[in-house]
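Please keep the sequence and the coordinates at hand while reading.

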Amino acid sequence: MITCHLKYVIDPYQLEAFEDYGKRWIKIVNRLGGQHHGYFMPSEGANNIAYALFSFPSLTAYENYRKQMFSKDDQECVDAFKIAEDTRCIISYERTFLSPVFE
């Protein structure tokens, strides 16, 4: 299993747009074979940092998701990307891959 951890720097004046973006990606990741663990919005502390976590059974499964995600044939993905582009709710992001440890 591989887990992707995303750290976003977001526009604090575009929280609703970013939340809409996140809710769409949760559905997309789950539909394309992953398990989304949620988006985590600013609450206390920094008002411009958000996180997301999702997992895939393997790196190969994640790579297949990436291929499907960038396909212009997947209208849900196109629409989700458009939200970020139109609203500029995401300033930047960092992607880190982790291997979970279970008991």
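Helices (H or I, at least four residues) and strands (E, at least two) are taken as DSSP runs and are numbered from the N terminus. The model is predicted, so that local features need pLDDT of at least 70 and side-chain atom pairs count only at pLDDT 80 or more, while totals for chains, interfaces and linings use all residues. Residues are numbered from 1 along each chain as its sequence is written, and side-chain values use heavy atoms, with hydrogens and water left out.

**Fold and dimensions**

- The protein chain has three helices and four strands, which follow one another along the sequence in the pattern β-α-β-β-α-α-β.
- Along its principal axes, the C-alpha trace of the protein chain spans about 40 × 35 × 20 Å.
- Of the contacts (heavy atoms within 4.5 Å) between residues at least 6 apart in sequence, 69% join residues at least 24 apart.

**Surface and charge**

- The accessible surface of the protein chain, from the Shrake-Rupley method with a 1.4 Å probe, comes to about 6,600 Å², and carbon and sulfur atoms account for 51% of this area.
- Buried residues make up 33% of the 103 residues, where buried means under 20% relative accessible area, exposed means over 50%, and partly exposed lies in between (1.4 Å probe, protein chains only).
- The protein chain carries 11 positive and 14 negative side chains, the centres of the two sets lying 5 Å apart; Lys and Arg count as positive and Asp and Glu as negative, without His and the chain ends, and each charge is placed at NZ of Lys, CZ of Arg, CG of Asp or CD of Glu.

**Nonpolar core**

- A nonpolar core is a set of buried Ala, Val, Leu, Ile, Met, Phe, Trp, Tyr and Cys residues joined through side-chain atoms within 4.5 Å; the largest one here has 26 residues, and those with the most contacts inside it are Y8, F18, Y21, W25, F54 and Y65.
- Two or more residues of this core come from each of β1 (2–10), α1, β3 (49–56), α2 (59–69) and α3 (75–87), and α1 provides the largest share, six residues.

**Individual residues**

- W25, in helix α1, counts as buried because its relative accessibility is 3%; beyond four places in sequence it touches H36, Y39, Y65, M69, C77, A80 and F81, and its C-alpha atom is separated by 7.0 Å from that of A80, 55 residues away along the chain.
- G34 lies in the loop between α1 (15–31) and β2 (35–40) and, at 15% relative accessibility, counts as buried; not counting residues up to four places away, G34 touches V29, S55 and F56.
- V78, in helix α3, has 27% relative accessibility and therefore counts as partly exposed; its contacts, residues up to four places away again being left out, are with S71 and K72, whereas V78 and L59, 19 residues apart in sequence, lie 23 Å apart from C-alpha to C-alpha.
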